[in-house]
Amino acid sequence: MDRGNRFSRMNIRVYGQSMAVTHSHGYLVDDFPTGLSDPVGDIVIDPRKSTFVSLRPLIMYNTTGHMHRRSLMFQETLFIMSRLPNLYDRPKPELTMWQYGYVKKDDAQVKLIHPDKEEGTIGSIIPEIFKHDLVIVPLSQIPPAPPVEEATPVEEEENTDTNQKQKGVAMDKSSQDGA
């Protein structure tokens, strides 16, 4: 059994985007936690089996005994998130929501993990997992996705009717030429 390489201990950090100093009061400059926080905790995972979805309850709750209590790590995370500015005017319920990211231990460049990929195993998404920390990125620090414009069914029907009319006109001309 290969027990030495099976589990990994990952540090959990929180990311806050830096903001322009001109938007702060003179006495409150540097009051906001920006960049990467110090580790708020760590978690032991099996990168080949654990998914990001399965990590959320492990980060959020302490399940000793029969109770689910908010973990100390998540309390610290919520405290940091509450001090961050709401840069993109997110609604109040979204201020405690987050998206995962990861960063190299010796770097500050956070790479976001798309929510659609949270079902995949951690080892398949984060390369060289032993060299990275897991980052909690609050939604208040992520620009909202631009709205996707979708064609309405009415427009599609109109285009279909126009195409059929054009084909009908072309068939009428060809039948007239052949006669």
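Trainee: Is Phe52 buried or exposed in this model?

Mentor: This is a predicted model, in which local features need pLDDT of at least 70 and side-chain atom pairs count only at pLDDT 80 or more, while totals for chains, interfaces and linings use all residues. Residues are numbered from 1 along each chain as its sequence is written, and side-chain values use heavy atoms, leaving out hydrogens and water. Buried means under 20% relative accessible area, exposed over 50% and partly exposed in between (1.4 Å probe, protein chains only). Since Phe52 has 0% relative accessibility, the residue counts as buried.

Trainee: How many aromatic pairs does a search of the whole structure find?

Mentor: Rings of Phe, Tyr and Trp (its six-membered ring) pair if their centres lie within 6.5 Å, and planes under 30 degrees apart count as stacked, over 60 as edge-to-face and the rest as tilted. By this rule, the number of aromatic pairs found in the whole structure is three.

Trainee: How many residues apart in sequence are the parts that Phe52 and Tyr100 tie together?

Mentor: Phe52 and Tyr100 form a tilted pair, 5.1 Å centre to centre with 45 degrees between the planes. Phe52 lies in helix H1 (residues 52-60) and Tyr100 in strand E6 (residues 98-104), so the parts that they tie together are separated in sequence by 48 residues.

Trainee: Which residue forms an aromatic pair with Phe74?

Mentor: Phe74 is buried, with a relative accessible area of 5%. At 5.5 Å centre to centre and 55 degrees between the planes, Phe74 forms a tilted pair with Trp98.

Key. Helices (H or I, at least four residues) and strands (E, at least two) are DSSP runs, numbered from the N terminus.
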